[in-house]
Amino acid sequence: MELSVLETLVRVAWVAGAVAFVIGLIRMNSPATARNGNLLSAGGMAVAIGATAVFLAFETREEGLNVAGWVIILAGLALGGGLGLYTARTVKMTAMPQLVSLFNAVGGGAAALIAIDDYLRLSSAPPSLQVNVATVLDILIGSITFTGSLIASGKLMGLRITPSRPVMIPGGRLVTAALVLIVVAGAIYLWIPNLSVPVMLLILAAALVFGVTMTLPIGGADMPVVISLLNSFTGTAVAMAGFVLDNPVLIIAGALVGAAGAILTKLMAGAMNRSVLNIMLGGFGGGEGTVGAVSGAGHSVRELGMDDAAIQLAYASSVIVVPGYGLAVAQAQHAMRELAELLESRGVDVKYAIHPVAGRMPGHMNVLLAEANVPYPQLKEMEEINPEFDRCDVALVVGANDVTNPAARKPGSPISGMPILDVDHSKAIIVIKRSMGRGYAGIDNELYGNPKTGMLFADAKAGLAELITAVKAL
C-alpha cells in the first residue's frame, strides 16, 4: 500500500474518532446516556491511537524496526492504561474530585512534554510562526495545568502542605506579576522569531510556579469551579499539542474539552453569583469542619429524634432530598435511594434537589446518585426545584451545607448573592449532619437555627439506615 493512500485512510480514521468525540460529548449531556457517551468517546480515542500506530509503523518501515521506541510506546500504553483503569475502578466516590484533578495534571503535563520534546529537537532554525506560537502556549498552559491541578488535588485531600483553606503567599501579587512579565517577554522573544532553549526553559519554570501561586490562595469552596477551569486548560493544552504535531485528532479533542470546560466554568461561577476572575483572585473558603455557634437569627438549634423524623417523612405528601458532600463522605447514596423507595411505596412524592456546586467537583451529586440507580427524572436542577420548596412538606438535607445557607440572601455575608436551594421555604426541614461543623465557606449556616429545622445528628449512612428501620416500623 502506498504511503499516501495509507495516510488518507489514517486521516479518515482520525476524523471518525473526532466524530465519536463529538457524539459522545453530546450524549454526556444527559445522565441517561452519559455512560454510553463516555464509552463512545473512549472508542473514538482507541481508533485514533490505533490508526496512528499503524501509520507510524508503515512510515518508518524503511528505517528498520525501532525496537526500543516501540517498547517505550507499548510500555507507556500498558502502564498508563492499566493504572488509569485500576484507579478509576477502585477510587471511592469521595475521592473522585481528587482523581479528576490528578487526571487534569497528567493531561496538561503530557501536552507540555510533547511541546518541550518537539522544541528540543529543533536544530538551528526556529519553526514557523504557527508552530512557534502553539509550542509556547502548549508549554505555558500545560505547565500551569500540571502544578495547579496537583495543588487542587492536594487541597481536596486536605494535605498539610496544601490545606483546603486559602493560603496567601507573601507578596503573591508581585510574584504573579513578575511571572507574567517573564512569560510575556520570553514568548515575544521566541516569536520574533528566535531559537533559545534557555528562554523556553525559563517560560516553563515560570509557568510551573504560576500554577502553584494561582491555586494556593483559592479556598476549598471554590474547588468545583477551579477543577472545571483546569479541565478547560488541559483541553486547550492538548489542542496546542495538536498544532505542534499537526494532528487533527488532538486539535479537535482538545478544543472540545477546552470549550466544554470553559462553558461549565462560566455556568458554575454564575451559580455562585461570582465571576471567574473573582474566584481566581482568591476564594472565600475557610476550611471544612470548623465548629462554631449558629447565629440562626437568635434561635436555638432544635435536635430531632429518629422516630419523630420518621413520622414526618412517612406521613408527608412530598419530600425533597438535598444531597451534599456529607452524603458522599459517608457513601450513603444507596441508603438514600432505599429510603426514598420506601417513602414512595407509602405514596410520598420524592425528588432530589441538585445544586450546581454541591460536592467537590462539577456534577458530583449527579454521578453519586446515578451510581445508586436513582431514577434520572427525580434529579432536579436548582432553577427547576426551587419553586417547589414552597409546596414541600419536608426537605431532607443530607450533608449539604453552604448551598442551603439563607445568609447568601443578605448583604455583607461572604456568600452574599450566591444562588442557593430554598430549603427554608419548606414546611418542615430535617438536617442529617454529624456535628455543627461549618462547610467549606467557613461560616455558620442560618438554616440550622430556623424554627422549622430539626437536626438529626448522625453519620449520613447510619442515620439513613435508622430512618429506614423507623419508617418500616410505622
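This is a predicted model: local features need pLDDT of at least 70, side-chain atom pairs count only at pLDDT 80 or more; totals for chains, interfaces and linings use all residues.
**View 1. Helix α9 from its start onward.** Welcome to α9, a helix of 24 residues covering 248-271. From its first C-alpha to its last it reaches 34 Å, close to the 34 Å expected at 1.5 Å a residue. At the start of α9, look for Asn247: one of its side-chain oxygens comes to within 2.9 Å of the backbone nitrogen of Val249. Val249 is itself buried, and other buried residues of α9 include Gly254, Gly258, Gly261 and Met268.

**View 2. A nonpolar patch on the surface.** Here Leu102, Phe103, Phe146, Leu150, Met157, Leu159 and Ile161 come together, with about 630 Å² of accessible area between them. Helices α4 (96-120) and α5 (129-157) each supply at least two residues of the patch, and α5 gives the most, with three. Leu159 sits in the loop between α5 and α6 (172-191). With a relative accessible area of 37%, Leu159 is partly exposed.

**View 3. Strand β1 and its two partners.** Six of the six residues of β1 (318-323) are buried. On one side you will find Ser318, Ile320 and Val322, and on the other Val319, Val321 and Pro323. β1 pairs in the parallel sense with β2 (residues 349-354) over four bridges, and five bridges join β1 to β4 (residues 394-398), also parallel. Ile320 is a handy landmark: its bridge partner is Lys351 in β2 and Ala395 in β4.

View 4. The side chains of Glu341 and Arg337 meet at 3.6 Å, N to O. These two residues are four apart in α13 (residues 333-345), so about one helical turn separates them. Glu341 is partly exposed at 42% relative accessibility, and Arg337 is partly exposed at 22%.

**View 5. A salt bridge between Lys351 and Asp349.** Lys351 returns here, its side chain meeting that of Asp349 in a salt bridge of 2.5 Å, N to O. Lys351 counts as buried at 16% relative accessibility, whereas Asp349 is partly exposed at 36%.

**View 6. A salt bridge within a loop.** Asp422 and Arg409 meet through their side chains at 3.0 Å, N to O. Both lie in the loop between β4 and β5 (428-433), so the pair ties together parts that are 13 residues apart in sequence. Asp422 is buried, at 15% relative accessible area, while Arg409 is partly exposed at 42%. Elsewhere, salt bridges that share partners join Asp349, Lys351 and Glu388 into one network.

Methods
Residues are numbered from 1 along each chain as its sequence is written. Side-chain values use heavy atoms; hydrogens and water are left out. The expected span of a helix is 1.5 Å times one less than its number of residues. Buried means under 20% relative accessible area, exposed over 50%, partly exposed in between (1.4 Å probe, protein chains only). A polar contact is a pair of N or O atoms within 3.5 Å; within protein, one must be able to donate a hydrogen and the other to accept it, and residues adjacent in sequence count only if both atoms are side-chain atoms. Patches are made of residues with over 30% relative accessible area and no salt bridge: like charges are joined within 9 Å, nonpolar side chains (Val, Leu, Ile, Met, Phe, Trp, Tyr) within 5 Å. Accessible areas come from the Shrake-Rupley method with a 1.4 Å probe; for residues, only the protein chains shown count as cover. A salt bridge is a side-chain nitrogen of Lys or Arg within 4 Å of a carboxyl oxygen of Asp or Glu. Two strands pair if DSSP finds at least two bridges between them.
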